[in-house]
Amino acid sequence: MTNTIASARPQARSRWIPKRWYAHISLWIACFFLGVPLFYTLLVSTQTRQEINRYEFTPGSGLAENWDIVFNQRHLQDYMVNSAIMTAAITIGKTILSLLAGLAFVYFRFPGKWLVFGFVLITLMMPTEVLIIALFRFINKLNWDNTYLALIVPFLASATGSFLFRQHFSNIPAELSEAAQLDGANPLQFLFRVLVPMSWNTIGALAVVQCLYAWNMYLWPNMIITDPNLDVVQVGIGTLRAGEGGGIQYGPLMLGAVVASLPPLLVFILLQKQFMSGFTLTRDK
Amino acid sequence: MISPLPLVMIAAAIGAALLGFAFVRSGVRWFLGLGLGAVAGGAGSMLFMIPLDYCTFAAERKPYEAEFGFLLVGIGMAVVLIPVGWISLRLLRGESLMSTASQPTQGTFRHWWIAIPLLAPTITILVLFLYYPSIETVRLSAHLSRLGAKREAFVCTTNYTRLVENSDYLDVVIRTMYISAAIVVLSMVLSLLIATMAYLPIRGASIYRTLLIWPNAISPAVAGLIFLLIFNPLGGIIDHVLGSAFRLGWTNDPKVAPWTIIIASVWKSMGYNILFYIAGLQNVPKDLIEAGAIDGAGLIRRFTHIVLPMLSPITFFLIITNMTYAFFDTYATIDYLTPGGGPLESTNTMMYQVAQLGVFGERADLGKAAAQSIVLFVMVIGMTIVSFRTGGRQVTYGA
């Protein structure tokens, strides 16, 4: 009798108090503080100016009006398209160039290979930001300012990507390329018919990291693009600040911020695992 | 004052001594080291001095400019001597450099020259948009060059010495260090605490994880806007919630504004750190912790003596990525949250200053901005080397 009571007690307790309750509580607190800024942003994006000034914590009645300002008056969708073109071009271009470089580093023997590899790898120590003044001048001299070229071309090469694919290809058995050569495949056929289908995980990893990086770029597009029609969305949402009669109109501004964040949020949450594996011990570039 | 010839000769002697010593230690003929070192040391001393025409040592220059000149000579020597020594030692030890003998033969394609078009796009872009701008930044930093102006004037090292002459720039550097350090420390400590809870096998663990890491996808620019909504002095929600006692002037008090930037940046970067710490914690072997428990180590001791050392590779990686985030990516947050670098320039970081000075400001001064970029460049390289040297040694790799 006493035995059954003693063994039943922990079970009864666990029905009401979850196991590791302290973890649940601390995670609740963490999620709350991380989530509250975005939650309030979502609320404000649906509110009119009066509702915002009354600090209402419920969805407001201004969504249609804010939507009209953001998309019909300020044309945020144009900035979104610019960002999408830039992001797609950088992501696809970087992946292809990195695949080609990886192919060259693993499947060819050529003089001074390690020197070339070092030449690529050492650029990890050169963040674009510290060269941005000279880069700005150079792009201006090329007359590339206010073109997509300025937003895309300087970011197409990737030390991280070349390194990632080199590592990945080195782990693929050599028999595969020998077999492909016996079948008469040229290097590019081997790359796209054999290696790429085996590398979707690595490609996905690099692509997610680069996608977020490109979409969220701010300083460089802000510098080199002075034509408002070509602004990317990170810069373009800034134009939503100016309201009629002075002051910042937070409703449309926050709606713009939410809309601009949807693509990277979707990509990141759906492809979390790829994002993680996309990191070698280096910064994204 | 100091003429080039003796300077080159002293540099050559130092180079010869250094390489000669290195060659003796690794058992290669020492006279080769002497010769190579002399040439490399002499050439290295000229690396920056030929473009500068030895102007730092001219009679009309101030004494500390000569000191700066010596520093440049030293850096130039290091830049040339280290790779020359490394490559020549590698060559002389028989690890061949140019031949293909040491490379694997299995599975490689025949015509080696096909590698050239494969690598050409990557190399071309790196040369044009990273290597060339690096050199150009160095060149610009020795010139007076205004945005839009056709002509440039050579000004020797004036752009650098001006940075030392007034204390404004020192303030910017100190401010950058303190904002960056606060972001990195706060973000990583909080993330580690949260990650130790989130990696436990509890109900809804994957939901918690998603709810914790999503801020990583938010851009620094949008983070700035969200925190502008919360912290703006004209009716931000924080003043309403906290009441008048905490009406600190979150974005317009020079003492508080940096902390508003820090809070926004910590919020934005925590998702990333939590993600990596959870992954790191999952790789800590369970039996190691159990062994610690059997040996009588308490919860805190197990954490500090077993878990923390096992996490050191991740911590070391995160310090570098977080530092670069704090140095560069906070630009967008600052630009939206405290436009123009905040009240009394209290959120004006080194990166912000470079952009304002070189491009956005009135009468943009590319030369000055370039000189400040070089300071930033040196700091980034120094940080990477220091963290690899100190962090890399104490790091525990794997079990």
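Domain bounds, before anything else, come from an automatic or database domain assignment. For chain B that assignment gives domain 1 as 1–97 and domain 2 as 163–394, and their C-alpha centres sit 39 Å apart.

Okay, quick housekeeping. This is a predicted model, where local features need pLDDT of at least 70 and side-chain atom pairs count only at pLDDT 80 or more, while totals for chains, interfaces and linings use all residues. Residues are numbered from 1 along each chain as its sequence is written, with chains lettered from A and ligands numbered from 1 in the order in which they are written.

On to chain A. Here the assignment gives domain 1 as 19–61 and domain 2 as 73–277. Taken over C-alpha atoms, the two centres are separated by 33 Å. How many residues of domain 1 of chain A are in contact with domain 2 of chain A? Eight, and they meet seven residues of domain 2 of chain A; contact is C-beta atoms, placed from the backbone, within 7 Å. On the domain 1 side, helix H2 (21–44) and helix H3 (49–53) of chain A each supply at least two residues. Helices, by the way, are DSSP runs of H or I with at least four residues, numbered from the N terminus. H2(A) gives the largest share, three residues. By type, that side splits into three nonpolar, four polar and one charged. For those classes, Ala, Val, Leu, Ile, Met, Phe, Trp, Tyr, Cys and Pro are nonpolar, Asp, Glu, Lys and Arg are charged, and the others, Gly among them, are polar.

Now the two chains together. 79 residues of chain B are in contact with 76 residues of chain A. Helix H4 (residues 115–140) of chain B makes the largest contribution to chain B's side, with 15 residues. That side of chain B divides into 57 nonpolar, 20 polar and two charged.

Let's zoom in on helix H7 of chain B, residues 205–213. B:Tyr208, B:Leu212 and B:Ile213 are buried there, where buried means 20 or more other C-beta atoms within 10 Å of the residue's own, exposed means 12 or fewer, and partly exposed is in between. Why do the buried residues line one face of H7(B)? Because, looking down the helix axis, they fall within an arc of 115 degrees, the arc being that of the directions from the axis to the C-beta atoms. The face turned away carries exposed B:Ser206 and B:Ile207. As for packing, the buried residues of H7(B) go against H2 of chain A, along with helix H6 (167–198) and helix H10 (257–282) of chain B.

That brings me to cores. A nonpolar core is a set of buried Ala, Val, Leu, Ile, Met, Phe, Trp, Tyr and Cys residues joined through C-beta atoms within 7 Å. The largest has 160 residues, of which B:Ala198, B:Leu225 and B:Ile274 touch the most other members. Leaving out residues up to four places away in sequence, B:Ala198 touches, among others, A:Leu27, B:Tyr208 and B:Leu212. A second, separate core of 17 residues includes B:Ile14 and B:Phe23.

A:Asn143 isn't a glycine, yet has a positive phi of about 60 degrees. A:Asn143 lies in the loop between helix H7 (132–141) and helix H8 (148–152) of chain A, and is exposed, with 10 other C-beta atoms within 10 Å. B:Asp53, also not a glycine, has a positive phi of about 55 degrees. B:Asp53 is in the loop between helix H2 (30–52) and helix H3 (63–92) of chain B, and counts as partly exposed with 13 C-beta neighbours inside 10 Å.

Note on methods
Two residues are in contact if their C-beta atoms, placed from the backbone, lie within 7 Å.
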